[in-house]
Amino acid sequence: MIEGKLVNLRARELSDVDRMTRWINDREVTRFMGNRYPWSSAAEEAFVRSTTAAPMAFADLRFAVETKDGVHIGGTGLHRASPENRDAELGIMIGEKAYWSKGYGTDAVATLVRFAFEEMNLNRIELHVFGFNARAQAAYGKCGFVEEGRMREAHYAEGVYSDVVVMAVLREEWAAGG
């Protein structure tokens, strides 16, 4: 378990599948993720089984986000980590909407970034966020991420094209306090 101030990051378990299936099928949650199509519980279970069958490894880490009192509220991870470039892409979903805008997502990101730099020896962490998701951009900024660029009108949903913002944090910037 990796401990933050408000959350702990733990390995995902098969017992998480029902909650994850509910979140991945909640349009209010997935509009921030780019998921377009519904997932069956069988598909989500197969996905979780495939990603939990072996121990986590450097290239693809997937964690459950839990409150300090043990409530599973989402997931986060580092994907496509490169040992040569010492970089990875961060993803996060806080699926329990009652925990939105209360600092849990920011703490999960800060906790994962700390782990990435201190334990994995990464040098750079990148993420992509929709231009309309100001709440997430502010949370990432609190964790040291800066906008590096925009992919103009790269995402289409609900009849609208939106920019995708590329943000990243470097170990040196993070160590200096952002």
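## Exercises on rings, core and sheet

R135 lies over the face of F32, 5.4 Å from the ring centre. A charge counts as over a ring if NZ of Lys or CZ of Arg is within 6 Å of the ring centre and within 35 degrees of the ring normal.

This is a predicted model, so local features need pLDDT of at least 70 and side-chain atom pairs pLDDT 80 or more, while totals for chains, interfaces and linings use all residues. Residues are numbered from 1 along each chain as its sequence is written, and side-chain values use heavy atoms, without hydrogens and water.

### Exercise 1: rings

*Solution.* 
- Step 1. Look for other rings. Rings of Phe, Tyr and Trp (its six-membered ring) pair if their centres lie within 6.5 Å; planes under 30 degrees apart are stacked, over 60 edge-to-face, and the rest tilted. Ring pairs link F32 with W100, F130 and F132 in a cluster.
- Step 2. Check accessibility. Buried means under 20% relative accessible area, exposed over 50%, and partly exposed in between (1.4 Å probe, protein chains only). W39 has 31%, so W39 is partly exposed. F47 is partly exposed too, with 27%.

### Exercise 2: core and helix α4

Which residues have the most contacts inside the largest nonpolar core, and which helix gives the most to this core?

*Solution.* 
- Step 1. Set the rule. A nonpolar core joins buried Ala, Val, Leu, Ile, Met, Phe, Trp, Tyr and Cys residues through side-chain atoms within 4.5 Å.
- Step 2. The largest core holds 38 residues, and L78, L90, I125 and F145 have the most contacts inside it. Helix α4 (residues 104-118) gives the most to this core, with 7 residues. Helices are DSSP runs of H or I with at least four residues, strands are runs of E with at least two, and both are numbered from the N terminus.
- Step 3. Inspect L90. Contact means heavy atoms within 4.5 Å. Leaving out residues up to four places away in sequence, L90 touches G77, L78, V109, L112, V113, I125, E126, L127 and F145.
- Step 4. Inspect α4. Its buried residues include V109, L112 and V113, and also D107 and T111.
- Step 5. Test the helix length. The expected span is 1.5 Å times one less than the number of residues. For the 15 residues of α4 that gives 21 Å, and the end C-alpha atoms are 21 Å apart, which agrees.
- Step 6. In soluble globular proteins, nonpolar side chains tend to be buried together.

### Exercise 3: the sheet

In what order do the 8 strands of the open sheet run?

*Solution.* 
- Step 1. Two strands pair if DSSP finds at least two bridges between them. The order is β1-β2-β3-β4-β5-β6-β8-β7, with mixed pairing. β1 (2-3) and β7 (146-157) are the edge strands, each pairing on one side only.
- Step 2. Begin at β1. Strands β1 and β2 are antiparallel and share 2 bridges. They form a hairpin with 3 residues between them. E3 stands opposite N8 in β2.
- Step 3. Cross to β3. Strand β2 (residues 7-11) runs antiparallel to β3, joined by 5 bridges. N8 partners E66, L9 partners V65, and R10 partners A64.
- Step 4. Go on to β4. Here 7 bridges join β3 to β4 (residues 72-82), again antiparallel. D60 stands opposite H79. The β3-β4 hairpin has 4 residues between its strands, and G70 takes a positive phi near 85°.
- Step 5. Check burial. In β2, 4 of the 5 residues are buried, so β2 is largely enclosed by the rest of the structure. In β3 (residues 60-67), 6 of 8 residues are buried.

### Exercise 4: a loop lysine

Where is K97 found, and which residues does K97 touch?

*Solution.* 
- Step 1. K97 is in the loop between β5 (87-94) and α4.
- Step 2. With a relative accessible area of 32%, K97 is partly exposed.
- Step 3. Beyond four places in sequence, K97 touches D26, E28 and V29.
- Step 4. K97 and R62 lie 35 residues apart in sequence and 20 Å apart in space, C-alpha to C-alpha.
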